[in-house]
Amino acid sequence: MIVREVVEKLGLQVVAGSAALNREITGGYAADLLSCVMARAKPGNVWVTLQAHPNVIAVAVLLELAAVIVTENAPIAAEVAAKAEAEKLVVLATPCTTFAIVTELARLGVAAQE
Amino acid sequence: MIIRADLHIHTALSPCAEVEMLPPLIVERALEQRLDLIAITDHNSSANVQAVMDAARDTGLKVWAGMEFQTREEVHTLCLFDTVRQLRALQAVLELALPHLPNNPAKLGEQFIVDAQGDFLAREERLLLVSAGTALESLIREVNALGGMAIPAHIDRAENGLIPLLGFVPPDLPVPALEISRHISASEARARFHIPAHYALTRASDAHWLDAIGNAITELDFTGTRSVANVACALREGRYALRTT
């Protein structure tokens, strides 16, 4: 499954990184503690979180994640979006909760990677 | 001149603090601990600061106007000022970003507003221990614009510490220092969390009861008034040491 399919099926807003929408998704991870994400998320994962701090972008780039989905309309600052764009990182936004998005991702076949 | 500073102390206004955290008792304990400077830092509120300042009048103890603010990211951050006026200006700016949830004293603890004698004035009805809508960087900008100093609190702590929440210290936060808990040494913290050298590391008691006041402090070496500017300068120039008892 590629990022673009998730965007279309879940009706997500593309905030940054539209050039990288054909990236393959390897699995999913959800957490709001960035220290946990750094320890557990895998390359190519889609990360679902409420956090929109600039460090989110740095962590996602470091781990080579496929996309970040920011839930519950958490405000994404312009500089955060710009940083993601510069790094060609897909950042997606949704009014839905993390739980709802994870449920939908699971339905599409995106799984946890242990 | 060595200034013994405890820059993170709660009063009975914080729901998690003991009711004994009353202005005259806080001042008495701070003097017993030979502290020269303290900051009153209740969660998201400035309401008891003036009372502690009044209680410390003519005692030789300097009291800063502070607040421990919980940002959108849930990072606890000390906002420190010389005057109540600056702190109230910050409170006014942040007011709209604070959610209006009622406190449940039976479950979460009482939030007492008191006078300089420690006598009851009012209950803060709004729950204080919550995240505001203000992002960390926005908060720091506001604090700096008002002439204050921001210090992310207990960055290594699992609850509301910057490191667990944000993974690492952003390299360019406009703060002079980061507070570490008593559970880690400065050199350990620097090595484990890759803390950039330009940040000083402070320690404070984060006192929620009287006996804790002064049990973890930062000693600062400077001359002149015990102002935010002088302390920030001492921190930036490395003229400080951490003490724990």
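Q: How much area is buried between chain B and chain A, and what share of it do carbon and sulfur atoms give?
A: The size of an interface is often given as the accessible area lost when the parts come together. In this predicted model, about 960 Å² is buried between chain B and chain A. Carbon and sulfur atoms give 57% of that area.

Q: Which elements do the buried residues of H3(A) pack against?
A: Begin with the residues themselves. In helix H3 (residues 54-62) of chain A, the buried ones are A:Asn55, A:Val56, A:Ile57, A:Val59 and A:Ala60. Within chain A they pack against helix H2 (34-40), strand E3 (45-49), strand E4 (67-70), helix H4 (78-86) and strand E5 (90-93). Just after H3(A), A:Glu64 takes a positive phi of about 55°.

Q: How many salt bridges are there over all chains?
A: A salt bridge is counted when a side-chain nitrogen of Lys or Arg lies within 4 Å of a carboxyl oxygen of Asp or Glu. By this rule the count over all chains is 12.

Q: Where in chain A do A:Arg107 and A:Glu104 sit relative to each other?
A: Both belong to helix H5 (residues 98-107) of chain A, and because they are 3 residues apart there, about one helical turn separates them. A:Arg107 forms a salt bridge with A:Glu104, with the closest N and O atoms 3.2 Å apart. A:Arg107 counts as exposed at 62% relative accessibility, while A:Glu104 is partly exposed at 31%.

Q: What is the distance between the closest N and O atoms of B:Arg157 and B:Asp206, and which parts of the chain does the pair link?
A: The salt bridge between B:Arg157 and B:Asp206 has its closest N and O atoms 3.7 Å apart. This pair links distant parts of the chain, the two residues being 49 residues apart. B:Arg157 is in the loop between strand E7 (149-152) and H6 of chain B, and B:Asp206 is in the loop between strand E9 (200-202) and strand E10 (216-221). B:Arg157 is partly exposed, at 26% relative accessible area, whereas B:Asp206 counts as buried at 13%.

Q: Is B:Glu237 buried or exposed?
A: B:Glu237 is exposed, with a relative accessible area of 52%. Its salt-bridge partner is B:Arg239, the closest N and O atoms being 2.5 Å apart. B:Arg239 is partly exposed at 28% relative accessibility. Elsewhere in chain B, salt bridges that share partners join B:Arg4, B:Glu219 and B:Arg243 into one network.

Q: Which residues is B:Gly148 in contact with, leaving aside its neighbours within four places in sequence?
A: They are B:Leu80, B:Phe81, B:Gln86, B:Val143 and B:Val228. B:Gly148 itself is found in the loop between H5 and E7 of chain B and is buried, with a relative accessible area of 14%. Its C-alpha is 7.4 Å from that of B:Asp82, although the two are 66 residues apart in sequence.

Q: How many helices and strands does chain B have?
A: Chain B has 8 helices and 11 strands. Its radius of gyration is 16 Å, close to the 18 Å that the globule rule gives for 245 residues, so chain B is as compact as a globular protein of that length. Along the principal axes, its C-alpha atoms fill a box of roughly 45 × 40 × 30 Å. Buried residues make up 59% of the 245 residues. Of the contacts in chain B between residues at least 6 apart in sequence, 70% join residues at least 24 apart.

How values were computed:
Residues are numbered from 1 along each chain as its sequence is written. Chains are lettered from A and ligands numbered from 1 in the order in which they are written. This is a predicted model: local features need pLDDT of at least 70, side-chain atom pairs count only at pLDDT 80 or more; totals for chains, interfaces and linings use all residues. Side-chain values use heavy atoms; hydrogens and water are left out. Buried area is the accessible area (1.4 Å probe) that two parts lose on being put together, summed over both. Helices (H or I, at least four residues) and strands (E, at least two) are DSSP runs, numbered from the N terminus. Buried means under 20% relative accessible area, exposed over 50%, partly exposed in between (1.4 Å probe, protein chains only). Contact means heavy atoms within 4.5 Å. The radius of gyration is taken over C-alpha atoms; the globule rule is 2.2 Å times the number of residues to the power 0.38.
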